[in-house]
Each structure stands twice: as C-alpha cells, then as structure tokens.
Amino acid sequence: MDEGAAPKPVLEIVFGTLIMIVIIFVHGAGIRTINQRFSESWVQVNDTTAYWRLNLLLAVTIGSLAALHFAETLLWAIPIFLAGLIPSMRDSYYYVLESYTTLGEGSISLPDRWRLVGPIIAMSGLFTFGWTGSVLVSIMTDFGKLDKVRAKDLRDRGPPEGTDPEP
C-alpha cells in the first residue's frame with residue numbers, strides 16, 4: 001500500500017466498524033455457547049459436588065472465555081495483515097493484542113493513514129471484555145450461592161461427634 005497516500009478517514013472508520021461488528025457477533029455467539037455449557041454443567045452441581053469438580057468447571061469456563069478473546073483478536077489481525085497494513089502476521093497479531101487490551105505500548109503501529117483503526121480495535125476490546133466481565137459476575141454469583149448453602153448445611157449439622165462445641 002502506498003504510504004504517501006492521503007488519509008481517508010471514512011474508509012478507516014468503515015473498515016474498522018465492519019470488523020468490530022463481526023467481532024461483537026462472534027463474541028455474542030461464543031459467550032452464549034460458553035454460558036450454555038456452563039449452565040448444563042451447573043444444573044448437575046449440588047451441595048455435595050466435590051470442590052475439584054467445581055474448580056475444574058470454573059477453570060474450563062475461564063479458559064473458554066480467554067480462548068474466545070484470542071480468536072477475536074486473531075479475527076482482527078488477519079484483515080490487517082492481508083491488507084498489508086502490518087507486513088508480518090505475528091506483528092499484526094501483537095498490534096491487535098496491544099490495542100484490544102488497551103495496553104498501547106506502541107512498539108508496532110499502523111501506517112498514519114490507517115491509525116483510526118487502532119481506537120476501533122480498543123473499542124471492540126472494551127465492549128467484549130465488559131461483556132465477559134458480566135458473565136463472570138453471573139457465574140461467580142452462582143458459586144457464591146452454593147458456598148452459602150454449604151456453609152448453612154455445615155452450621156446446621158453442628159460440630160462433629162465427640163468434639164466440644166465452641167463456647
């Protein structure tokens with residue numbers, strides 16, 4: 001691409017917005033799938049479910065959410081690389097990760113005439129991370145409710161036989 005060409009902000013905004021719409025659609029579909037799988041597993045949980053199983057469920061869910069974000073950033077990096085805005089796929093992916101997470105170290109950048117795409121990548125990251133955060137709050141609320149049930153059951157059972165109750 002010609003580095004000396006005049007900036008075309010409308011083209012930058014359209015390019016970035018179209019990709020952002022795809023990213024948000026992918027995120028929505030991914031979040032829905034992850035949430036459905038969590039719910040299917042969660043209905044099998046009761047107050048006797050082993051802690052390691054609960055921890056595994058949480059780890060798989062968080063890992064799935066992280067994988068979703070990695071896939072989304074890859075979906076940003078591919079068109080940036082294919083358009084020749086950043087010549088290496090690795091550098092393109094690194095740039096997107098920097099922008100998406102709003103890290104912004106700036107060691108790699110887009111050509112000046114495409115620099116409006118960076119903030120659009122950051123906007124998509126803010127949207128998707130916020131959405132992921134709300135899902136995690138919901139999941140942790142379920143874990144908190146289970147912990148309360150277990151604590152109540154433990155309290156209602158009283159101290160183990162042969163021990164003195166605390167004064």
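This predicted model holds one cavity of 30 Å³ or more. Start there: select A6, P7, K8, L11, E12, R113 and W114, the residues that line the largest cavity. The space inside amounts to about 30 Å³. Four of the lining residues are nonpolar and three are charged, with no polar ones.

Next, select helix 1, residues 9–42. On the surface, V10, V14, L18 and I21 make up a nonpolar patch, and together they have about 380 Å² of accessible area. Of these, I21 is found in helix 1. An α-helix has 3.6 residues a turn, so residues three or four places apart point the same way.

Now move to the second largest pocket, with a volume of about 160 Å³. To see the lining, select G30, T33, I34, R37, F38, S41, L57, V60, T61 and S64. Helix 1 and helix 2 are the elements that each give two or more residues to this lining, and helix 1 gives the most, six. By class, the lining has four nonpolar residues, five polar and one charged.

For the largest pocket, select S41, Q44, V45, T49, W52, R53, L54, L56 and L57. This pocket contains about 210 Å³ of space. Helix 2, residues 51–82, supplies the largest share of its lining, five residues. Here five lining residues are nonpolar, three polar and one charged.

Finish with helix 4, residues 117–157. Its 41 residues reach 60 Å from the first C-alpha to the last, close to the 60 Å expected at 1.5 Å a residue. Select G158, which follows helix 4: its phi is positive, near 80 degrees.

Technical notes
Residues numbered from 1 in each chain as written. Predicted model: local features only at pLDDT ≥ 70, side-chain atom pairs only at ≥ 80, totals over all residues. Heavy atoms only, no water. Patch = residues over 30% accessible without salt bridge, like charges linked within 9 Å, V, L, I, M, F, W, Y side chains within 5 Å. Areas by Shrake-Rupley, 256 points an atom, 1.4 Å probe, with all protein chains shown as cover. Salt bridge = Lys/Arg side-chain N within 4 Å of Asp/Glu carboxyl O. Helix = DSSP H or I, 4+ residues; strand = E, 2+ residues; numbered from the N terminus. 1 Å grid on protein atoms, 1.4 Å probe; cavity = no way out; pocket = protein on both sides within 12 Å on 5 of 7 lines; lining within 4 Å. Points joined across faces, edges and corners; volume = space filled by probe spheres on them. Nonpolar A, V, L, I, M, F, W, Y, C, P; charged D, E, K, R; others polar. Expected span 1.5 Å × (residues − 1).
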